[in-house]
Amino acid sequence: MADRPVRWGILATGGIAAAFTADLVDLPDAEVVAVASRSAESAKAFAERFGIARAYGEWGALAEDTDVDVAYVATPHSAHRAAAGLCLEAGRNVLCEKAFALNAREAGELVALAKERGSFLMEAMWMYCNPLVRRLAGMVRDGVIGEVRTVQADFGLAGPFPPSHRLRDPAQGGGALLDLGVYPVSFAQLLLGEPSDVMARAVLSDEGVDLQTGALLSWESGALASVHCSVVGGTATSASVTGSQGRIDIPYGFFFPDHFVLHRDGRDPETFRAEPSAGPRNSLKHEAREVMRALRAGETESPLVPLEGTLAVMRTLDAIRDRVGVRYPGEGDRQDGRGDQGDQGDQQEENRPVATPA
């Protein structure tokens, strides 16, 4: 692999898969060799669009393709356990979209399977791989704003989404939290780790998914985080982190910023901008490069997106859903119950834009 491009397989053909593949084909050290969908026609059209040699009308064929070094799973999160698990069972390395799974139980099963097989596994939390977000997190760790006191982050889309949309479909893990709220929660935990306590409220749809959710996360240090997500209102989609000695503000699109502003008492505000070499602010190339770097280094997980951090976020999402009363088919009364959910949600592949926050 060190002397040739890393060979990718794309599992799903929706909007996020197309955006990621478009970035992959621009990388000289990456090659997309196969695509799979539950629809042979969809896989063939996707392959023709991006010049991919092999198109499969079933996931298993891609999982068994030994020419694939790493599979990118881009189904709705309700199908991540089934799709990523299939690839890991076959010995493939996996980059899996977020939310990483439907619940922490499923996420833990994927992590355990990857460790059993000795395969690489990473959540596609592109925010963590963004150079400017990494710089911000480093500044916070270095104490530039002192001890962190509060974090605020929101992500909302105006909609409206009809009941037939996957965001309203319980069988596909619908609702604002897993699709959008994963970003504010992940941002808070990037800076503070897993919270010690979770409080939450939500407005639920007739189908039983959350239309908008607000959560207050707390840590034993005294730090608090206020996070909000919505599929019924377009929010500022911004974030801020306040410390004992200053504050950092990230405007619209906090998870793929082009700049952030540092405020410190007695000093003029300082603006930190993305390097031009980083490319477009919505680039998914950063996470692709991190996967390929790790694979070439023989690593089974990324230090930028560690698996324990992914599991911690899933535990927080489970706790929020527990507080607001959102259950998905097959989960029963326990958030960690997988039930029969693993094979659901594959009918409608994930189709969300990334050029604008989504």
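## The largest pocket

Three helices, α7, α8 and α10 (307-324), each supply at least two residues of the lining of the largest pocket; helices here are DSSP runs (H or I, at least four residues) numbered from the N terminus. This is a predicted model, where local features need pLDDT of at least 70, side-chain atom pairs count only at pLDDT 80 or more, and totals for linings use all residues. Residues are numbered from 1 along each chain, and side-chain values use heavy atoms, without hydrogens or water.

The pocket's volume is about 250 Å³. It is lined by 15 residues, with Tyr128, Leu190, Pro303, Leu304 and Pro306 nearest its centre. On a 1 Å grid over the protein atoms alone, a pocket is an open set of points where a 1.4 Å probe fits, with protein on both sides within 12 Å along at least five of seven lines; lining residues have an atom within 4 Å of a point. Helix α7 gives the most to this lining, with 4 residues.

## Where α7 meets α8

Helix α7 (residues 131-141) packs against helix α8 (residues 176-192) at about 40 degrees, their axes 9 Å apart. That makes α7 oblique to α8, a word for angles not under 35 degrees (roughly parallel), over 145 (roughly antiparallel) or 65 to 115 (roughly perpendicular). Axes are lines fitted to C-alpha atoms over the stretch in contact, and angles run from 0 to 180 degrees between N-to-C directions.

Val133, Leu136, Ala137 and Val140 of α7 touch Phe187, Leu190 and Leu191 of α8, contact meaning heavy atoms within 4.5 Å.

## Confidence

The mean pLDDT (the predictor's confidence in each residue, from 0 to 100) is 92, and 92% of residues reach 70 or more.

Notes
Points joined across faces, edges and corners; volume = space filled by probe spheres on them.
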